[in-house]
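Grab a pencil and open the viewer. Below are some exercises, each with a solution worked in steps.

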Amino acid sequence: MPTHGHLTHIDAPANIFKIAQISDLHLSDESSFNRFLSVLTLALKESPDLLLLTGDLVNDGNRQGYDRLYKTLIFTKIPFLCLAGNHDVTAEIGHHLPFDERTFLPIRLDDRLPDRQRLTIKMANITWQILAINTAISGQIGGYVSRENLEFLNKHLTCNQPTIIAMHHHPQPVGSAWIDEYMLQNHDEFWQTLSCFDNIKAVICGHVHQAHRIDTHNTSLYTCPASSRQFLAYHDDFTIDDAPPGFRLIHICNKKTLATWVKRLQN
């Protein structure tokens, strides 16, 4: 089975293809890794055909954290695709300080995380595609889509296949002022690139540690709960929610339709 950045195609014999989106793991210690394992175990009960991890995988880019993560994913024997988030390319100094007093330093992107990736999923009557792009900026919290990645989206959207776009940063406000400050910086340019196409079935992202559906720009934006701590939705100041960790389950089918639900651990 292809792994890391080399997964490009999956044949799907069934009429429904299941994607488990897991996001914002923030692996740093045994506690965070055990929370991820609990969410992964819950996701595996759904028999997913693909594990899609949308960023903030390992805090401060610790290589041993990625080694352990990838070893765990390979052990599932399920194809997987991983994307970077801001914490994968940024070291946060001063966790004990108020957020606006912390220091953020650039770190190198782990070479197993792709800058862009196209995955095709061939079903009986149709081929879907997932276009995954890196939006993380080294040393920063907010995101940005590079010129190369905008061109990548434009190129592959012209094939007119039903498409899911996956990335870390949210390109539309979610109603929490403090996290919306760190959304996709060039969101207008992102949506302008997508505006010529009607085959985009969903844009999915992480980053916000909240579950949302926002219908916008002739498609739907879906955000994901974190496998780590949750942020309180619709709250302008940084506030932790007591909602349990979870993941997003996505079903795509032969009729170019998509359905999705959020699944959470029991408190």
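This is a predicted model: local features need pLDDT of at least 70, side-chain atom pairs count only at pLDDT 80 or more; totals for chains, interfaces and linings use all residues.

Residues are numbered from 1 along each chain as its sequence is written, and side-chain values use heavy atoms, with hydrogens and water left out.

**Exercise 1. Work out the strand order of the open sheet and find its edges.**

Step 1: Take strands as DSSP runs (E, at least two residues) and helices likewise (H or I, at least four), numbered from the N terminus. Two strands pair if DSSP finds at least two bridges between them.

Step 2: Seven strands line up as 1-7-8-9-10-12-11, with mixed pairing.

Step 3: Strand 1 (9–11) and strand 11 (213–216) each have a single partner strand, so one side of each has no neighbour in the sheet.

Step 4: Zoom in on one end: strand 11 pairs with strand 12 (residues 219–222) in the antiparallel sense over four bridges. There, Arg213 sits opposite Tyr222 of strand 12.

**Exercise 2. Is Ala132 buried or exposed? And His251?**

Step 1: Buried means under 20% relative accessible area, exposed over 50%, partly exposed in between (1.4 Å probe, protein chains only).

Step 2: Ala132, in strand 8, has 0% relative accessibility, so Ala132 is buried. Beyond its neighbours within four places in sequence, its contacts include Leu81, Phe152 and Ala166.

Step 3: His251, in strand 15 (residues 246–253), comes out at 18%, so His251 is buried as well. Beyond its neighbours within four places in sequence, Phe17 and Trp261 are among its contacts.

**Exercise 3. Which residues lie nearest the centre of the largest pocket?**

Step 1: On a 1 Å grid over the protein atoms alone, a pocket is an open set of points where a 1.4 Å probe fits, with protein on both sides within 12 Å along at least five of seven lines; lining residues have an atom within 4 Å of a point.

Step 2: Of 23 lining residues, His26, His87, Glu92, Arg229 and Phe231 lie nearest the centre. Helix 1 (30–44) and helix 4 (177–180) are the elements giving two or more residues to this lining.

Conventions:
Contact means heavy atoms within 4.5 Å.
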